[in-house]
Amino acid sequence: MTNRLPSGLRVFVVEDEALVLMNLEAMLEDLGCVVVDRAMRLPQFEALIEKGIDADVAILDVNLGGTLVFDQARRLAERGLPLVFATGYGRHGIPAEWQDRPILQKPYTAQEVAEGLAAAIAR
């Protein structure tokens, strides 16, 4: 696997399924990334946005406990944070305004995560 990511890339992760989150964190570690923070629930995600997220890029599960995260994604994008969306529904589950962002189709591989992150920070 070729890894075009900068060493120590700081990643913020939003994922509501513990096993998926642990797997993603392991993938990111293997890719040389640092998970700077994580959120599993919407109130926690909101609190972290308010506090300020010090990351190079974010991977956002589209559906967080039954709530779509696009309002929160907009707030992060307005602050200039590159975004990658993760979803089990594929690209057709993403609203038109976000179609230009990298999308990870669940289940995803470490290679797909690396490619999504590289695309997001290259934007």
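Trainee: In this predicted model, which residues is Ile-53 in contact with, leaving aside its neighbours within four places in sequence?

Mentor: The model is a prediction, and contact here means heavy atoms within 4.5 Å. With neighbours within four places in sequence left aside, the residues in contact with Ile-53 are Phe-12, Leu-48, Leu-76 and Leu-81.

Trainee: Which residues have the most contacts inside the largest nonpolar core?

Mentor: That core has 22 residues. The elements giving two or more residues to this core are E1, H2, E3, H3 and strand E6 (83-87). Those with the most contacts inside the core are Phe-12, Phe-45, Ile-53, Leu-60, Leu-76, Leu-83 and Phe-85.

Trainee: How many residues does the second, separate core have?

Mentor: This second core is separate, and its members include Leu-21, Leu-104, Ala-114 and Ala-120. Its number of residues is 21.

Trainee: Why do the buried residues of H2 line one face of the helix?

Mentor: Helix H2 spans residues 42-51, and Phe-45, Leu-48 and Ile-49 are buried in it. Seen down the axis of H2, these buried residues line one face because they fall within an arc of 100°.

Trainee: Which exposed residues does the face of H2 turned away from its buried side carry?

Mentor: The buried residues of H2 are covered by elements including strand E1 (10-14), strand E2 (34-39), strand E3 (57-61), strand E4 (63-64) and helix H3 (70-78). The face turned away from that buried side carries exposed residues, namely Pro-43, Glu-50 and Lys-51.

Trainee: Are H2 and H3 roughly parallel or roughly antiparallel?

Mentor: The axes of H2 and H3 come within 11 Å and cross at roughly 15°. Angles under 35 degrees count as roughly parallel, so H2 and H3 are roughly parallel.

Trainee: Which residues in H3 do residues of H2 meet?

Mentor: H2 passes H3 in a left-handed crossing. From H2, the residues involved are Leu-42, Phe-45, Glu-46, Ile-49 and Glu-50. In H3 they meet Gln-72, Arg-75 and Leu-76.

Trainee: Which residues are exposed on the other side of H3 from its buried residues?

Mentor: Phe-70, Gln-72, Ala-73 and Leu-76 are buried in H3. They cover an arc of only 150° around the axis, which puts them on the same side of H3. What covers them includes H2, E3, strand E5 (67-68) and E6. On the other side, the exposed residues are Asp-71 and Glu-78.

Trainee: Is Asp-61 buried or exposed?

Mentor: Asp-61 is found in strand E3. Leaving aside neighbours within four places in sequence, Asp-61 is in contact with Val-14, Glu-15, Asp-16, Val-69, Ala-86 and Lys-106. Its relative accessible area is 4%. Buried means under 20%, so Asp-61 is buried.

Trainee: What is the relative accessible area of Asp-37?

Mentor: Asp-37 lies in strand E2. Not counting residues up to four places away in sequence, Asp-37 touches Val-11, Phe-12, Val-13, Leu-48 and Lys-51. Asp-37 is partly exposed, and its relative accessible area is 23%.

Trainee: Where does Pro-107 lie?

Mentor: The peptide bond from Lys-106 to Pro-107 is cis, with omega near -10°. Pro-107 lies in the loop between strand E7 (103-105) and helix H4 (110-122).

How values were computed:
Residues numbered from 1 in each chain as written. Predicted model: local features only at pLDDT ≥ 70, side-chain atom pairs only at ≥ 80, totals over all residues. Heavy atoms only, no water. Buried < 20%, exposed > 50% of the residue type's maximum accessible area, 1.4 Å probe, protein only. Helix = DSSP H or I, 4+ residues; strand = E, 2+ residues; numbered from the N terminus. Arc of directions from axis to C-beta. Core = buried A, V, L, I, M, F, W, Y, C linked by side-chain atoms within 4.5 Å. Axes fitted to C-alpha atoms, helices over the stretch in contact; angles between N-to-C directions. Parallel < 35°, antiparallel > 145°, perpendicular 65-115°, else oblique. Left-handed = near helix turned anticlockwise from the far one by under 90°.
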